[in-house]
Amino acid sequence: MGTRSRRVYLTGADGMLGRALTAALAADPVTAAWPVHGVSLADFDITDADALHASVARFRPDIVVHTAAHAIVDDCELDPRLALRVNIEGVRNAAEACRRSGARLVYISSDYVFDGRATPAGGYRENDLPNPVSVYGLTKVAGERISELVPDHLAVRTSWLFGGTDERVDTVLDTVRRLGRGETARLVHDQYSRPTYTVDLARAIVFLLTRDQPVTGTLHVANTGTASWYEVGRAIQALLRPPGAPEPVALDECGFLGARPVDSSLHTGRLADLGLHMPHWRDALRRYLDALGAPDAGTTAAAAAAVAGPSTEPTKDALG
């Protein structure tokens, strides 16, 4: 594939990862000239097969990157039918569009495909058996199976994304804003994974799309280092020194509707073998705080207050 121009079709283009991937494709010297067409719910519902097929047919992509998903875990428990429609029918529609157009499918999956009860040393590897404990996790496993029907497909599993602009779905942003307002941020201290910056994930996807030989199958992509959200909150506190403080809360005290894996850390050895070593989550967090408008992160409470947005009550998923 190398430097040859590719046409990239992106679903969920207005989402946290979609925006980061659009920017990464434009910034990389290899992909800067690649035609990219992003679609979101404002254009059409991903569960509308006819609309998606027509849109893909018009653009004639070489690659479809499917980031669109219903990813709020408790909302999936409350409305499983909607979760099935978006996370399974939507993937089926994308896979069929790829089959008709001859495009490759890159599907974004999740660490929540694992139960986290007996995490292997170093984290889950790509060939470890999924065993989801939530409706959301079940739908992501189903999406992986559907994506396998597309030749040369790639399923990218990632974890605990941050880097967006909506605190309802970004635990890091929600924590920064709460602490900046002088509030207490209740964060789970006994659930673990690998927090991942969307900018780093997007750059990794670009890296994978530009290999001379297509990277296929399942691949784990996450920042290095395992942490709880409480540890992340403590790191934010140390960097910004805001007026608020994180408070540890146990997973079983949160009242979540959907179960969460206790430790769903992903092993990223296959990615490293391909030549890409992901930064540590602490380094990623520092860069994200810089991007939020705190270039001197680690000096004053004003840095946290500078990014404190309006007081919006987040979903419970912001706790974990």
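**Entry 1**

I looked up aspartate 152 and found it partly exposed, because its relative accessibility is 45% and the buried class ends under 20% while the exposed class starts over 50%. The model I am reading is predicted. I placed aspartate 152 in the loop between H5 and E5. Its phi is near 60°, a positive value in a residue other than glycine. I noted for context that most residues other than glycine have a negative phi.

I then checked arginine 241, where phi is near 50°, again positive in a residue other than glycine. Arginine 241 lies in the loop between helix H8 (229-240) and strand E10 (245-249). I filed arginine 241 as partly exposed because its relative accessible area is 48%.

**Entry 2: the sheet**

I traced an open sheet of 6 strands, in the order E2-E1-E3-E4-E5-E9, with parallel pairing. At its edges I found strand E2 (36-39) and strand E9 (217-220); each has a single partner strand, so one side of each is left without a neighbour in the sheet. From one strand to the next the twist averages 20°.

I went through some of the pairings. Strand E1 (residues 8-11) pairs with E3 in the parallel sense over 4 bridges. Within that pair, I found threonine 11 opposite histidine 66 in E3.

**Entry 3: helices on the sheet**

I looked at helix H1 (residues 16-27), which packs on the sheet and touches E1, E2, E3 and E4. The direction of H1 makes about 160° with that of E1. Helix H2 (residues 49-59) lies across E1 and E2 and runs at about 155° to E1.

**Entry 4: strand E4**

Which strands pair with E4? I found strand E3 (residues 63-66) in parallel pairing with E4 over 4 bridges, and strand E5 (residues 154-158) in parallel pairing with E4 over 5 bridges.

Is E4 mostly covered or uncovered? I read strand E4 (residues 104-110) as mostly covered, with 7 of its 7 residues buried. I sorted its side chains by direction: Arg104, Val106, Ile108 and Ser110 point one way, while Leu105, Tyr107 and Ser109 point the other way. Both sets are buried.

How values were computed:
Residues numbered from 1 in each chain as written. Predicted model: local features only at pLDDT ≥ 70, side-chain atom pairs only at ≥ 80, totals over all residues. Heavy atoms only, no water. Buried < 20%, exposed > 50% of the residue type's maximum accessible area, 1.4 Å probe, protein only. Helix = DSSP H or I, 4+ residues; strand = E, 2+ residues; numbered from the N terminus. Pairing = 2+ DSSP bridges. Axes fitted to C-alpha atoms, helices over the stretch in contact; angles between N-to-C directions. Contact = heavy atoms within 4.5 Å.
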